[in-house]
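Welcome! Here is a short tour for anyone meeting this structure for the first time. Take a look at the sequence and the model, then read on.

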Amino acid sequence: MAEQVEDVSTLPLPDAFLDFLRQNGLDPSIYAASHSTPRYIRLKPGCETHLVEIEAEIKCKPIEVSWLPNFYHLSPDVGIASTKAYQEGKIYGIDAASGAAVVALDISPGDHVLDLCAAPGAKLCMILDILGCSGTVTGVDVSRHRLAACRTMLQKYTLGDRCRLFVADGTTFSLIPVRVCLNSKSYKAAAEEQLEVYKEWTSRRPWKERKQAAKTRENGASQFFSQIQDPELIFYGRHSGVVGLSKCEVFQSVNNHELLQYGYDKVLVDAECTHDGSIRHVQKFEQWGWATLQRRVLDAERTDFLTILQLKLLTNGFRLLKVGGFLVYSTCSLTLAQNEDVVEQFLSQTASAELLEIDAAKNWPCKSSRIPKTIRFDPLTSSTSGLFIAKFTKLAV
């Protein structure tokens, strides 16, 4: 125990943050390993033959992560952003714990997947890589500029063919997967009625559309995100199901009963949080200044707001899930309030929700959390950033 205290005392963390950790039942010593936690990369499927040249370029041998396919760990001080392999879309920068959240979804060929908090896009790309030439992915995020970065990632990694992206409030998003358009018209019928239908997406949008988007941004610039009403479609691939449909078909609303049958097969809710479990994020505060940490992490009002938001995101994501589908809820916070407390409140008010064992976790370097079947990653236990994961299914009740 004395050794533990000594490790904590050497951490470059302010007393206020250490108090925050203790108040939330977290052992501050988990951050003692923060500067030795490896950097992780994911190799794009099909790029295995490039490993030797990647090693030569980064001057570090990528070590395969035995419990997570296509993941490798590097020395923590190795940078990848300026490498040819990263710029050419052969590797992704993504923590292994984040990859585990995607694996927990148990994605199958042909699935229609919703990523309700999609930005900045590493998990979105992993979902698309797993699906390959089947299914579809709908990415949603409240931040337009962050979702635009997702779009750039899709183009860089040539993964956009089966994806559509909506700027929208994840707590109210209501659009169904594109596998079904209730009462949809054929392309020919739509043309005969002179309805505007979506053609193949191009980055060069019509003048009328650009003007409307600019007006929308101008009107919404000073508004808080919870006031966002209508989703904005900022990208769709050729086989995302959008091409050939009219706007009313893409944006059709359905009732909760129809969602039970026509909802998404899999839903990922990687909710906004205080990021206190993200090693890379916490290390940034050393450069940004600890006053920023006070505002973004330690402020009690912000934490209270986030727990309300997280419950709303989880509740809406589950509403959009079809019966028998899987939903994964995750955060990179390690606090009970943003994880176990949210899950318990959600379960208490959702009779059709059932927690599931994460089968793959039997081979993961993680530990059980306070609630059976939910798991936690942390730097000391897992040699990854911190992450909480819970998996649900929807019952027919």
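**A first look**

Cys-248 counts as exposed because its relative accessibility is 52% (exposed means over 50% relative accessible area, buried under 20%, and partly exposed in between, with a 1.4 Å probe and protein chains only). This is a predicted model, in which local features need pLDDT of at least 70 and side-chain atom pairs count only at pLDDT 80 or more, while totals for chains, interfaces and linings use all residues. Residues are numbered from 1 along each chain as its sequence is written, and side-chain values use heavy atoms, with hydrogens and water left out.

**The chain as a whole**

- The secondary structure comes to 16 helices and 14 strands (helices, H or I with at least four residues, and strands, E with at least two, are DSSP runs numbered from the N terminus).
- Of the chain's 397 residues, 53% count as buried.
- Among contacts with a separation of 6 or more, 76% are between residues 24 or more positions apart (contact means heavy atoms within 4.5 Å).

**Cysteines**

**The nonpolar cores**

- In soluble globular proteins, nonpolar side chains tend to be buried together.
- The largest nonpolar core here has 49 residues, and those with the most contacts inside it include Leu-124, Ile-127 and Trp-364 (a nonpolar core is a set of buried Ala, Val, Leu, Ile, Met, Phe, Trp, Tyr and Cys residues joined through side-chain atoms within 4.5 Å).
- Among the elements that each supply at least two residues of this core are helix H5 (96-103), helix H6 (122-131), helix H7 (144-156) and strand S14 (387-394).
- H6 gives the most to this core, with seven residues.
- Not counting residues up to four places away in sequence, Ile-127 touches Val-102, Leu-105, Ile-107, Val-113, Asp-115, Val-137 and Leu-268.
- A second, separate core has 41 residues, including Ala-168, Tyr-329, Phe-346 and Ala-390.

**Where H6 meets H7**

- The axes of H6 and H7 come within 10 Å and cross at roughly 35 degrees (axes are lines fitted to C-alpha atoms, for helices over the stretch in contact, and angles run from 0 to 180 degrees between N-to-C directions).
- On the H6 side the contact is made by Ala-122, Leu-124, Cys-125 and Leu-128, and on the H7 side by Cys-150, Met-153 and Leu-154.

**Ser-330, a buried strand residue**

- Ser-330 lies in strand S10 (residues 321-331), and it counts as buried because its relative accessible area is 0%.
- Leaving aside neighbours within four places in sequence, the contacts of Ser-330 include Ala-101, Leu-268, Asp-270 and Phe-388.
- The C-alpha atoms of Ser-330 and Gln-310 are separated by 9.8 Å, and these residues are 20 apart along the chain.

**Backbone details in the loops**

- The peptide bond from Ala-119 to Pro-120 is cis, with omega near 5 degrees, and Pro-120 is found in the loop between strand S5 (112-115) and H6.
- Thr-158 counts as exposed because its relative accessibility is 66%.
- His-275 also has a positive phi, near 60 degrees, and its place is in the loop between strand S9 (264-270) and helix H12 (279-288).
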